[in-house]
Amino acid sequence: MADGTMLHEFENFCGNTQLPDDFTAFWQGTQMHCANAPCNMTVSTDMAAGDTVFSTVRYNGIGTKEITARYLAPKTAQPRAIVLDFHDAQRTTRGAFYLARYAAIGCSVLAPAALPLVAQGGFSLEGTEKVPQDFLFFQIVEQAFLAAEIAKKLAPDVPLFVSGEGFGGALALAVAAFVPQVVKCAVLNPLLADFRTLCACGADIGFYASLRSYFRDSDPLHQTAEALFSNLDYFDTVNFAAQIKGALFCGTGLLDEISPAKTQYALFHRAKCVKTHAVFQKYGHERINFYENDALNFLLTPCEQERLIL
């Protein structure tokens with residue numbers, strides 16, 4: 001657990017994540033494959049209220065059954081942008097009441113429901129001794145790329161924003177890194193950052209318990225540690241953040257024990273884009289109303305490179 005006294009230590013921390021030589025080519029190829037995948041999308045209207053239409057979107061996932069998503073859009077006017085919103089692990093997509101805030105600022109929003117492949121208990125290490133394509137998270141990122149294609153089909157002539165919390169933040173960062181149309185990315189307490197540091201500081205519990213179990217049960221002497229981390233580097237959000245070309249707004253709960261603040265600082269420092277970091281000293285891995293207000297302002301206005309300590 002971090003506190004305000006550790007901010008100075010974090011200020012210059014860039015993490016221990018390594019960038020694979022083929023990282024960019026690997027994910028660019030994956031994104032292009034998803035962009036050309038058939039989706040068989042259908043849109044059914046659930047209701048209309050005021051100037052907003054509330055709908056359900058259904059489409060075929062890549063190698064999975066049908067995926068559903070909530071979709072809110074202006075009744076008549078063209079939206080100023082479309083927001084692709086990813087939810088955290090072990091949660092469901094946000095309800096229409098919450099998502100309507102995007103409609104209030106003139107945006108459409110697409111929120112995919114729980115992806116079929118999301119690990120039930122936390123991060124999965126299936127495929128650690130194989131190629132990156134065998135990892136569970138690879139298939140989840142494919143679904144996130146596909147969701148971005150659905151958003152672009154629904155609103156083809158407007159900017160694309162992405163947002164997410166926790167595990168959803170990891171997906172938002174991946175999409176922001178490799179979908180060229182993404183203009184802005186807002187994330188809160190993003191997961192999957194700096195796996196090496198997670199293990200070194202004893203944070204391999206809870207969501208990351210499979211990391212500790214792997215070394216306890218399969219490799220107590222850490223003889224395969226570098227091979228494991230070299231594979232995980234392909235999914236490390238520190239590397240995704242470094243690829244983002246649009247603007248980034250990152251919210252961090254300094255008391256977060258699931259996604260330790262130190263790893264989030266590494267992610268933020270590796271990002272080379274226009275970026276803002278909002279650090280909430282007395283919050284952990286939870287929904288933060290102040291972050292949500294700031295994220296809306298970020299989507300509405302140009303973001304300046306700064307750090308906010310709240």
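How much accessible surface does the chain have, and what share of that surface belongs to carbon and sulfur atoms? The accessible surface comes to about 13,200 Å², and carbon and sulfur atoms account for 52% of it. The legends below describe a predicted model.

**Figure 1. Overall view of the predicted chain.** The secondary structure consists of 11 helices and 10 strands. Taken along the principal axes, the C-alpha atoms fill a box of roughly 60 × 45 × 30 Å. The radius of gyration is 19 Å, which agrees with the value near 19 Å for a compact globule of 310 residues. Of the contacts with a separation of 6 or more, 74% are between residues 24 or more positions apart. Buried residues make up 58% of the 310 residues.

**Figure 2. Charged side chains of the chain.** The chain carries 23 positive and 31 negative side chains. The centres of these two sets lie 5 Å apart.

**Figure 3. Close-up of helix α5, residues 167-178.** The helix has 12 residues and reaches 17 Å from its first C-alpha to its last. This span is close to the 16 Å expected at 1.5 Å a residue. Helix α5 is mostly covered, with 12 of its 12 residues buried. Among the buried residues are Phe 167 and Phe 178, together with Leu 171, Leu 173 and Val 175. The buried residues also include Gly 168 and Gly 169, as well as Ala 170, Ala 172, Ala 174, Ala 176 and Ala 177. In an α-helix there are 3.6 residues a turn, so residues three or four places apart point the same way.

Figure 4. Phi of Asn 40 is near 50°, a positive value in a residue other than glycine. Most residues other than glycine have a negative phi. Asn 40 counts as exposed because its relative accessibility is 56%, and the cut-off for exposed is over 50%.

Figure 5. Phi of His 222 is near 60°, a positive value in a residue other than glycine. With a relative accessibility of 44%, His 222 counts as partly exposed, since this class lies between the limits of under 20% for buried and over 50% for exposed.

Conventions
Residues numbered from 1 in each chain as written. Predicted model: local features only at pLDDT ≥ 70, side-chain atom pairs only at ≥ 80, totals over all residues. Heavy atoms only, no water. Helix = DSSP H or I, 4+ residues; strand = E, 2+ residues; numbered from the N terminus. Expected span 1.5 Å × (residues − 1). Buried < 20%, exposed > 50% of the residue type's maximum accessible area, 1.4 Å probe, protein only. Rg over C-alpha atoms; globule rule 2.2 N^0.38 Å. Contact = heavy atoms within 4.5 Å. Areas by Shrake-Rupley, 256 points an atom, 1.4 Å probe, with all protein chains shown as cover. Lys, Arg positive; Asp, Glu negative; His and termini not counted. Charge placed at Lys NZ, Arg CZ, Asp CG, Glu CD.
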